[in-house]
Amino acid sequence: MNVLLACGGGMSSSILAENLVLEAKKNGVADFYIEATGTEEVGLKMQQKAWDVLLLAPQVSFRKAHLQKEADQYGIPLLPIEGILYTPMGIPELYQLIMQNEKNN
C-alpha cells in the first residue's frame, strides 16, 4: 500500500509516517509505504507514483478543497486526519482507518 501524507512541511508528519510503518509491521503488513510531503508538492508526487490514499494532516485542512481536486484527477481517495489521531497515541486508530478506507475502495 502506498500512502501520500500531505502536510505543512514534513517535520511532524515524518514522525507520524515512521510510526504508521511500525504499526503496519505489527499488523503483519510488510508492503506499507508512506511518504510525507508539503501540500504544494502533492500534484508532482501524484505524477511520480501510484498512490492508494492521500492523507491530509490537520494543520493543512484549509487546503482540502484544492487537494480534493488533485486527488480526484488521479482517482485517489482523500482522507483527512482528525487532530486526535495525529499523535503517537492515535497511530493504531489512524492505521485502522487507512486500512478500512483501502478495503472500501
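## Notes on the predicted model

1. Serine 13 is buried, its relative accessible area being 0%, and the residue belongs to helix H1, which covers residues 11–26. Beyond its neighbours within four places in sequence, serine 13 is in contact with Leu5, Cys7, Ala36, Ala57, Gln59 and Tyr86. Please keep in mind throughout that this is a predicted model.

2. For the overall plan, the protein chain holds four helices and four strands, and, read from the N terminus, these elements follow one another as β-α-β-α-β-α-β-α. Among contacts between residues at least 6 apart in sequence, 73% join residues that are at least 24 apart.

3. On overall dimensions, the radius of gyration of the protein chain is 12 Å, which agrees with the value near 13 Å that a compact globule of 105 residues would have. Taken along the principal axes, the C-alpha atoms fill a box of roughly 35 × 25 × 20 Å.

4. As for the surface, 45% of the 105 residues count as buried, while the accessible surface of the protein chain comes to about 5,800 Å², with 53% of that area belonging to carbon and sulfur atoms. The chain carries 8 positive and 12 negative side chains, and the centres of these two sets lie 0 Å apart.

5. A reader may next turn to glutamate 35, which is placed in strand S2, residues 33–38. Is this glutamate 35 buried or exposed? Its relative accessible area is 17%, and glutamate 35 therefore counts as buried, since the cut-off for that word is under 20%. The side chain of glutamate 35 makes a polar contact, at 2.8 Å, with the side chain of tyrosine 33. When residues up to four places away in sequence are not counted, glutamate 35 touches Val3, Leu4, Leu5, Lys45 and Trp51.

6. Serine 13 and glutamate 35 can also be considered as a pair: they are 22 residues apart in sequence, and their C-alpha atoms are 8.8 Å apart in space.

7. Tryptophan 51, one of the residues that glutamate 35 touches, lies in the loop between H2 and strand S3 (53–56), and at 8% relative accessibility tryptophan 51 counts as buried. Which backbone oxygen does the side chain of tryptophan 51 reach at 2.9 Å? That oxygen belongs to lysine 45, and the side chain of tryptophan 51 also reaches the backbone oxygen of lysine 49, at 3.4 Å. Leaving aside neighbours within four places in sequence, tryptophan 51 is in contact with Asn2, Val3, Leu4, Tyr33, Glu35, Lys45, Met46 and Ile76.

8. Valine 42 is placed in helix H2, residues 42–48, and is buried, with 0% relative accessibility. With residues up to four places away in sequence not counted, valine 42 touches Leu4, Ala6, Thr37, Leu54, Leu67 and Glu70. For one of these, leucine 54, which lies twelve residues from valine 42 along the chain, the separation of the two C-alpha atoms is 8.9 Å.

9. Isoleucine 81 sits in the loop between strand S4 (78–80) and H4, and at 5% relative accessibility isoleucine 81 counts as buried. Apart from residues up to four places away in sequence, isoleucine 81 touches Leu5, Leu16, Leu55, Leu56, Ala57, Pro58, Tyr86 and Leu94. The C-alpha atoms of isoleucine 81 and glutamine 59 are separated by 9.5 Å, the two residues being 22 apart along the chain.

10. Asparagine 101 is found in helix H4, residues 91–104, and its relative accessibility of 16% means that asparagine 101 counts as buried. Which residues is asparagine 101 in contact with, once its neighbours within four places in sequence are left aside? They are Val53, Pro77 and Leu79.

Technical notes
Residues numbered from 1 in each chain as written. Predicted model: local features only at pLDDT ≥ 70, side-chain atom pairs only at ≥ 80, totals over all residues. Heavy atoms only, no water. Helix = DSSP H or I, 4+ residues; strand = E, 2+ residues; numbered from the N terminus. Rg over C-alpha atoms; globule rule 2.2 N^0.38 Å. Buried < 20%, exposed > 50% of the residue type's maximum accessible area, 1.4 Å probe, protein only. Contact = heavy atoms within 4.5 Å. Areas by Shrake-Rupley, 256 points an atom, 1.4 Å probe, with all protein chains shown as cover. Lys, Arg positive; Asp, Glu negative; His and termini not counted. Charge placed at Lys NZ, Arg CZ, Asp CG, Glu CD. Polar contact = N/O pair within 3.5 Å; in protein donor to acceptor, adjacent residues only side chain to side chain.
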